[in-house]
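Take the fold as a whole to begin with.

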Amino acid sequence: MGNITKGGEFLIKEVPANEIFSLEELNEEQKMLRDSAKEVIDREVVPQKERFEKKDYAFTEEVMRKLGEMGMLGIAVPEEYGGLGMGFVTTMLACDYLSGATGSLATAYGAHTGIGTLPIVLYGTEEQKKKYLPDLAGGTKFGAYCLTEPDAGSDANSGKTRAKLSEDGKHYIINGQKMWISNAGFADTFTLFAKIDDDKNITGFVINRSELENPDSLTFGEEEHKLGIRASSTRQVFFNDMKIPAENLLGERNNGFKIALNALNVGRIKLAAACLDAQRRILNHSIQYSNERKQFGVSISTFGAIRKKIAEMATGTFVSEAGSYRAAKDIQDKIDELVAGGLDHQAAELKGVEEFAVECSILKVFVSDLAQHTADEGIQVYGGMGFSEDTPMESAWRDSRISRIYEGTNEINRLLSVGMLIKRAMKGELDLLSPAMAISKELMGIPSFDVPDYSAFMSEEKALIANLKKVFLMVSGAALQKYMMEIEKQQHLLLNASEILNQIYMAESAVLRAEKHFSPDSVEAAMAQLNLYKAVEKIISAAKEGIVSFAEGDEQRMMLSGLRRFTKYTNHPNVVAMTEKIAAHYIEKGNY
């Protein structure tokens, strides 16, 4: 346990393959849970897909109840409160395999088990946990989370909902409105945020709708009609002099923003997990359709243009899995370490997830972007049929669109990941400065012209990744020196830095997964190598855009020369051959 990675540390240290976890290492209990999740979705959800598209909210609720009876809603809830108390990786796994068939159920499940339940697990008093969690874990009551307001989206602390303590100090009276509240139509347990009097920050509260003195003090707008996730209940929520007991305050007064942020950190990595099986299912449909669909007398899966799409979709899925489960296990290891050090589970889980907030944001952005792209390519493989409601692609495309918006838009998350890294460096929690200064020296020196020995499996790929980390440190270090505390205003540059950061983490995860579990001539190795090649191209583009925009003269020339040096292959991969190898494997196999 002594070798636990710190959040964001992947940027400044070489991570050995044996230190990362991936799907190939699931234990028997985890495999059983995965198989039963998959089985229930294939039995209960896939044949009824049309009911979700026709906004059958009652059916979403019915499936959620079944999941509750199976224990699937209480995986992350400690056993003493009626849950299964399983580790972080297992909760990721359930979220992954329960979320792939329809975004409507994925949203209901994610909102209930994540932001609907976790704030109580992490911040609730003993009494609150005993009162609310058993019902939430068993699916006899459902949870909703009320944060967003008409004028308070990404800036959650600017909400106008107000709470006032009654004269006798026994109740809070709450007034205000929330919008885009998932599960609002069938939830009973509401976690909500309001400012008490003129407090600077929001405070969290929890209530059961069924226990309100005046049921009319909590009212709802009509169901929202949405582009996708059509059978997930989404309503406005209004508090009209809603009276709740003073002991329903969640956490500490003025601490609601912290609760909201930490719930969203967990939500972000779970959202990445929720996109994984969707990618697998879209890919499987695409492979099967391309094998069956004939044009010019042959299956369209024999055409290079279709094969390229399938290879890239499979590669994206492999990479998404690699990054998601690597981070999940890092979080779990951190939680275990803190518990072993005497911290209670509640505090350990909070600190564990907070430690890897950078990685949670990276995953949320990368995987949700890719899920949408995969769905888009799926439509393209189907051609005109993909545009029809009679095939699964049209709804998959609509459902995937929301993933780039909720749990903080991808733009906010890109700014966040780089911003959090900079803050860590400023606080001395992560030494980015020494390596950044070492790179400046390296750029002034004469490059080595020795040809390295890359005979070991993945050695050139890992050397290249180490150099890509130098690109990030070179560009962000120079930008920081120029703008100092004003860097937060340079959103365009921060977005470029974030693209570099995301590509590094995901490419490294895929390379290490392939190195740890597969042979040099495997399809998995080809996917890791193909992804790295594409990542290098994206990093060159993002870094160059940054360099030419903020550096001038000699500094600009030196950094552009450094960029060329740090992104150079000794042995270029044969991209077309790798793509063909991946496509041939999955097209012949018939699925991912």
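The protein chain holds 19 helices and ten strands, where helices (H or I, at least four residues) and strands (E, at least two) are DSSP runs numbered from the N terminus. Its radius of gyration is 25 Å, close to the 25 Å that the globule rule gives for 592 residues, so the chain is as compact as a globular protein of that length. That radius is taken over C-alpha atoms, and the rule is 2.2 Å times the number of residues to the power 0.38.

This is a predicted model: local features need pLDDT of at least 70, side-chain atom pairs count only at pLDDT 80 or more, and totals for chains, interfaces and linings use all residues. Residues are numbered from 1 along each chain as its sequence is written, and side-chain values use heavy atoms, with hydrogens and water left out.

The C-alpha trace spans about 80 × 60 × 45 Å along its principal axes. Of the 592 residues, 57% are buried (under 20% relative accessible area, 1.4 Å probe, protein chains only).

Now the helix pair. The axes of α15 (residues 459-483) and α16 (residues 491-517) come within 10 Å and cross at roughly 160 degrees. Axes are lines fitted to C-alpha atoms over the stretch in contact, with angles from 0 to 180 degrees between N-to-C directions. The two helices are therefore roughly antiparallel (over 145 degrees).

Which residues meet? From α15 they include I465, L468 and F472; from α16, among them, I500, L501 and I504. Contact means heavy atoms within 4.5 Å. By class, this contact has twelve nonpolar, no polar and five charged residues. Ala, Val, Leu, Ile, Met, Phe, Trp, Tyr, Cys and Pro count as nonpolar, Asp, Glu, Lys and Arg as charged, and the others as polar.

How values were computed:
Parallel < 35°, antiparallel > 145°, perpendicular 65-115°, else oblique. Buried < 20%, exposed > 50% of the residue type's maximum accessible area, 1.4 Å probe, protein only.
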